[in-house]
Amino acid sequence: MLFILRTPNIIRIFLPVALFLYVRGMLLPSNQLKGLHYLHLVFPIMLTIGVMPDLFLSAAEKTDILNHYYAQNKYFITRPMGWIPAGFVQPVSILVGIVYGIATLVLISLTKKRQGADFVFINRQSLVWLNMLSTAVTLYFVLQLYQYLNLFINNSFDPPSQLIKCVIGIMLFTYFITTPNVQENMDGCILPKGKLFPSILEIYPHLIPEFKVDQVAMNLDKQVKESKAYLSAEYDLSGMAKDLEIPISKFPKLIKKYYGVSFVEFLNRLRIHHFLEQRSYFDQFTLETYMYQSGFSNRSTFYAAFKKYVGVNPSFYLKEMAN
């Protein structure tokens with residue numbers, strides 16, 4: 001039982017940091033994490049190491065602690081946790097959660113203000129999701145603080161705050177499963193300020209000008225594009241190299257040489273191009289049907305590729321194109 005009651009402290013200290021880094025990655029997709037950003041993980045890691053001895057107590061020691069807990073509910077907050085002094089882990093982890101939650105909400109607000117009205121309008125669905133998630137996590141820690149104070153002062157838990165946390169979780173999950181493109185937003189589909197939609201022709205990989213008269217390059221280009229073997233999810237580097245009778249070790253270099261892109265980008269551009277060519281038929285089946293027919297094997301790869309080459313999530317793009 002003890003490890004079940006102690007483990008939430010570890011999860012709780014990592015949650016706000018993970019939230020902050022996730023939201024930052026969503027809002028600033030072009031800004032990669034640097035070494036300095038990993039300092040956010042130092043405190044959670046140190047805390048995890050500090051409470052580890054509690055997770056490996058003997059059965060007798062765990063039973064003794066539980067007996068004390070049943071006699072006095074606040075026993076856990078008056079007893080050291082592993083190598084960490086009593087009364088430190090819970091209040092500090094809760095306060096850190098509140099600080100990170102507020103910092104995340106401020107980051108969203110400042111980004112909206114800095115990027116302007118067009119950015120907010122284009123990315124409204126993503127921003128709604130980020131605000132909801134950040135607010136829910138912040139409220140969770142505020143309620144945890146209330147529970148802690150109630151336990152410390154009154155030596156009892158507070159059922160209403162537990163109920164409110166459950167309601168918040170249910171509301172967030174309900175929004176997740178009832179909003180069609182929330183998964184796209186979670187995959188980081190934020191449109192940078194000032195970015196325009198590329199044409200379908202721009203997405204299609206073309207031979208570099210100097211190779212448009214090269215017979216070998218032209219034959220490779222024709223064979224790949226006319227066969228449309230890339231529409232199979234199983235079609236990969238080895239399959240394409242085998243079909244073209246080119247050594248697999250040389251094939252990626254030829255793609256880079258002839259098209260100026262990596263093999264993965266070459267393949268994804270072909271698939272995204274095919275997907276967009278089918279857009280006039282999208283009212284017949286779901287987007288996922290056309291996603292799989294275009295050669296993608298999963299949503300994450302498709303959304304990441306679509307966002308990279310088009311700039312926004314598929315549903316937003318198609319909605320704007322229809323207007």
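1. Ser161 belongs to helix H7. In this predicted model, Ser161 counts as buried because its relative accessibility is 2%, and the cut-off for buried is under 20%. Setting aside neighbours within four places in sequence, the contacts of Ser161 are Leu143, Tyr146 and Gln147.

2. The largest nonpolar core has 33 residues. Those touching the most other members are Val23, Leu27, Val89, Ile108, Trp129 and Leu130. As background, nonpolar side chains in soluble globular proteins tend to be buried together.

3. Another core, of 21 residues, lies apart from the largest one. Its members include Tyr204, Val224, Phe251 and Val261.

4. The count of salt bridges is 2. One of these joins Lys225 to Asp221, with the closest N and O atoms 2.9 Å apart. Both residues sit in helix H10 (residues 215-227), separated by 4 residues, about one turn of the helix. Lys225 and Asp221 are both buried, a point to keep in mind when reading the next item.

5. H10 packs against helix H12 (residues 251-259) at an angle of about 105 degrees, the axes being 11 Å apart. The two helices are therefore roughly perpendicular. On the H10 side the contact is made by Val216, Ala217, Leu220, Asp221 and Lys225; on the H12 side, by Phe251, Ile255, Tyr258 and Tyr259. By class, the contact of H10 with H12 has 7 nonpolar and 2 charged residues, and no polar ones. Asp221 and Lys225, listed here in the contact, are also the salt-bridge partners of point 5.

6. Arg269 and Glu265 form a salt bridge as well, at 2.9 Å from N to O. Both lie in helix H13 (residues 263-277), 4 residues apart, about one turn of the helix.

7. H13 and helix H15 (residues 299-310) pack with their axes 10 Å apart and at an angle of about 85 degrees. H13 is therefore roughly perpendicular to H15. From H13, the contact involves Glu265, Asn268, Arg269, Ile272, Phe275 and Leu276. From H15, the residues are Phe302, Ala305, Phe306, Lys308, Tyr309 and Val310. Sorted by class, the contact of H13 with H15 has 8 nonpolar, 1 polar and 3 charged residues. Glu265 and Arg269 take part in this contact and are joined to each other by the salt bridge of point 7.

8. Thr301 lies in helix H15. Thr301 and Asn268 are 33 residues apart in sequence, and their C-alpha atoms are 9.1 Å apart in space. Asn268 is among the H13 residues that meet H15.

Key. Residues numbered from 1 in each chain as written. Predicted model: local features only at pLDDT ≥ 70, side-chain atom pairs only at ≥ 80, totals over all residues. Heavy atoms only, no water. Core = buried A, V, L, I, M, F, W, Y, C linked by side-chain atoms within 4.5 Å. Buried < 20%, exposed > 50% of the residue type's maximum accessible area, 1.4 Å probe, protein only. Salt bridge = Lys/Arg side-chain N within 4 Å of Asp/Glu carboxyl O. Axes fitted to C-alpha atoms, helices over the stretch in contact; angles between N-to-C directions. Parallel < 35°, antiparallel > 145°, perpendicular 65-115°, else oblique. Contact = heavy atoms within 4.5 Å. Nonpolar A, V, L, I, M, F, W, Y, C, P; charged D, E, K, R; others polar.
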